[in-house]
Amino acid sequence: MNKIVNKYIGLPRKDVRDFWTIEKINHIRRLSYSPDDIGIFVKNTGSLRILDRINFKINRHITVPGIDTSTESSLAGFKLSVPVYLGDMSYGALSGNPNIAIAKTAEITRTMAGTGEGGLYKSVADTKRIFVQWASARFGVSANELKSGAGIVIKIGQGAKPGIGGHLPGNKVTHDISVARKIPEGIDAISPAPHHDIYSIEDLAQRIEALKILSGKPVYVKVAATNYIPYIVTGIARSGAAGVIIDGHGAGTGAAPVTVRDSLGIPIEMAVASSHNILVNEGLRKNFSIIAAGQVADSTDAMKLYALGADVVSLGTSALIAMGCVMVRKCNLGYCPAALTNKADNRTLIDLDFGIQNTVNFVNGFKTEIAKMMSRLGIKNMKELVGNRDILYGEGLSENTLKVLEINSALPQDLSFKQGSFYPDKKYINELMIKGEPVISSMGSNAPPDVELPSRIIDWLRLDGAQVTRPSIDPYREDINLNFYLCGGSINISMPVFIKVSGADVEIKNALSWAAMFTGTMIVDDQLQKEFKSISITGSNVYRYKKHRYSTVNEHDYSADGFVIRQDDNMEISIAELDHELKGRGIRENYDIIGEIDHFRNTGDIVKYLALGCDSLIISYKIFEAGLNNSYSNLREKAVNFLLGMKKEISLISGAMGIANLQYSIVGNTELLRAINLDNTIAKKINVAEAGST
């Protein structure tokens, strides 16, 4: 007998900071029960997210009845009651009934919905207010499906995993999904990172034209919010597309590698603002739609994004919450307690009427909230709202951030980079050492500075993701060279990582030493540690090493082979300044810069340090030890898995960034980094531009 879920279940206790707080979830649930239970101009006090630090200039002398407002808009030739797009969630990521509920909600509320990758569910194909997705794997794509609905979306990237393709774990590829996607049952469905027929803007223009001719429908392009988003969007606009879906950092997903999800991409608010600006300046904004996606929690977020330049906002995770999602972040496992992202095997189903009614109520309540805020702001229609920066001001935002947003602030404010203490993610490290594979999770990122409190400069930095103008490289199907050559070529390691075992228990030291030999990395042991003697350069503890031993020299003596910079509050600045100094002298290639760290959030940190100027990282055994949870069984296997998993994750990030040879493409290449409201002085010292800057 099938299990039917037809009511909300209790929310689990949250032990860590989460973007989707209990308050946000409960607000969506209240709207879903009653669309009249509204909440407007919501403030998230204490949040470091840029969008939460943007506020409205409310005219308190204008009352709600005094303004006749209209939230109507249009998209793909359809009138919208409110400019809302309901996600891009595939049949497979969702279990069937949720896909139907979303499509039906779009019809009832006169909004629009996306189908995601992987073919159309039978009941969804009959609806018209849908965008059909044309993604890199072409799963389930046919001419008939492309002619369905209101338009086509060419998916180049998504915010949860810029530069890599979709990922549906094999345990969720049931018989029905196998038929819909035309793929083998029970096998991971991993889409190629790039479209293998789109490697340039010119290629993209050809695909857009071909799909328009085939279907007679408008074509939109979905991209992740990454470093070059303003230029990518102008290229899309010049290529004949009707619009762009920009998916920001933190956007939800059914499955993504944690290190890619947390380390790549920029916030949607910065991407929307910079894209709108450049389109206006280039005369390309008319008749070209910007759909903003990623961490849109409520109507207040949406209002800010409209004012920054979005024509439409996408509600993905919030729509799932309206249907009962409790944010346990296990979508990739196929055992969703709310029957939303579980296996599509009909054993556990969400009641369709329950799902439709709650989502319809949520969208209608969302519309009411938008109308009330427009009235309070003295805005009559969406045309007056979209791109209207005059109604916004910033608080606690850096000068660089305000410049990208093009909004004012009474006083630009640089925040201290150290907002909290560092706590290692022991679950992440444990899973890495148990499986030896990239750690997969679901839903959006809680990474700093948006959600988790930053404790290091590197927490304010994000890596670039490749798309169109610099195609990504598929790490699942193509070789990526992670070999690093140090000491003038006399040292060759299989990835830019040393393991420091000084002070470790004998068991851990032996296991890591054996694993390093097995994986082609190197060990820093007690004998080498005895050679350390501290000197100070550029405000940090810096050491010199010569060949295979460490020695002390003064900062003007360049007879050794390189520098080791230990982790402290100024480590990032020390790395960047030393890299800059050596380049200025024209001798950078003669010296190695090695960073030494006692903790990291995930392997994305390693790649960030490389981009700042490191040639390799020395990683303390304490990172490995933190994930053991006092279980010392199978230490060798865990040590090997730890290093192999790390190597595979670095390869994933490299491919997502479009880098085939890590050492010669990333070391000291700060253009591959962007700052997220980082203190201007620090950003200048490390030579990292602000997210969304052109």
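## The largest cavity

The largest cavity in this predicted model has a volume of about 610 Å³. A cavity here is a set of points, on a 1 Å grid over the protein atoms alone, where a 1.4 Å probe fits but cannot get out. Grid points are joined across faces, edges and corners, and the volume is the space filled by probe spheres set on the points. Lining residues have an atom within 4 Å of a point. Of the 43 residues that line the largest cavity, Asp88, Met89, Gln158, Gly252 and Thr253 are the closest to its centre. Over the whole structure, the search finds 9 cavities of 30 Å³ or more.

By class, the lining of the largest cavity consists of 16 nonpolar, 19 polar and 8 charged residues. Ala, Val, Leu, Ile, Met, Phe, Trp, Tyr, Cys and Pro count as nonpolar, Asp, Glu, Lys and Arg as charged, and the others, Gly among them, as polar. Strands β5 (84-88), β9 (167-168) and β12 (243-247) and helix α11 (317-323) each supply at least two residues of this lining. The largest share, 3 residues, comes from α11. Helices (H or I, at least four residues) and strands (E, at least two) are DSSP runs, numbered from the N terminus.

## How the model is read

Residues are numbered from 1 along each chain as its sequence is written, and side-chain values use heavy atoms, with hydrogens and water left out. Because the model is predicted, local features need pLDDT of at least 70 and side-chain atom pairs count only at pLDDT 80 or more, while totals for chains, interfaces and linings use all residues.

## Salt bridges

A salt bridge is a side-chain nitrogen of Lys or Arg within 4 Å of a carboxyl oxygen of Asp or Glu. By this rule there are 31 salt bridges. One of them joins the side chains of Asp88 and Lys222, at 3.4 Å from N to O. Asp88 lies in strand β5 and Lys222 in strand β11 (residues 219-224), so this pair ties together parts that are 134 residues apart in sequence. Asp88 counts as buried at 17% relative accessibility, and Lys222 counts as buried at 6%. Buried means under 20% relative accessible area, exposed over 50%, and partly exposed in between (1.4 Å probe, protein chains only).

The side chains of Lys500 and Glu596 also meet in a salt bridge, at 2.5 Å from N to O. Lys500 lies in strand β23 (residues 497-500) and Glu596 in strand β29 (residues 592-597), so the pair ties together parts that are 96 residues apart in sequence. Both Lys500 and Glu596 are buried. Elsewhere, a network of salt bridges links Glu452, Arg456, Asp459, Arg601 and Asp605.

## Nonpolar cores

In soluble globular proteins, nonpolar side chains tend to be buried together. A nonpolar core is a set of buried Ala, Val, Leu, Ile, Met, Phe, Trp, Tyr and Cys residues joined through side-chain atoms within 4.5 Å. The largest one has 118 residues, of which Ile154 and Tyr306 touch the most other members. Helix α12 (residues 352-376) gives the most to this core, with 9 residues. A second, separate core of 89 residues includes Ile458, Ile493, Ile594 and Val688.

Leaving aside neighbours within four places in sequence, Ile154 is in contact (heavy atoms within 4.5 Å) with residues including Trp134, His195, Tyr220 and Lys222.

## An exposed loop residue

Gly77 sits in the loop between β3 (73-75) and β4 (78-80). Gly77 is exposed, with a relative accessible area of 79%.

Definitions and conventions:
1 Å grid on protein atoms, 1.4 Å probe; cavity = no way out; pocket = protein on both sides within 12 Å on 5 of 7 lines; lining within 4 Å.
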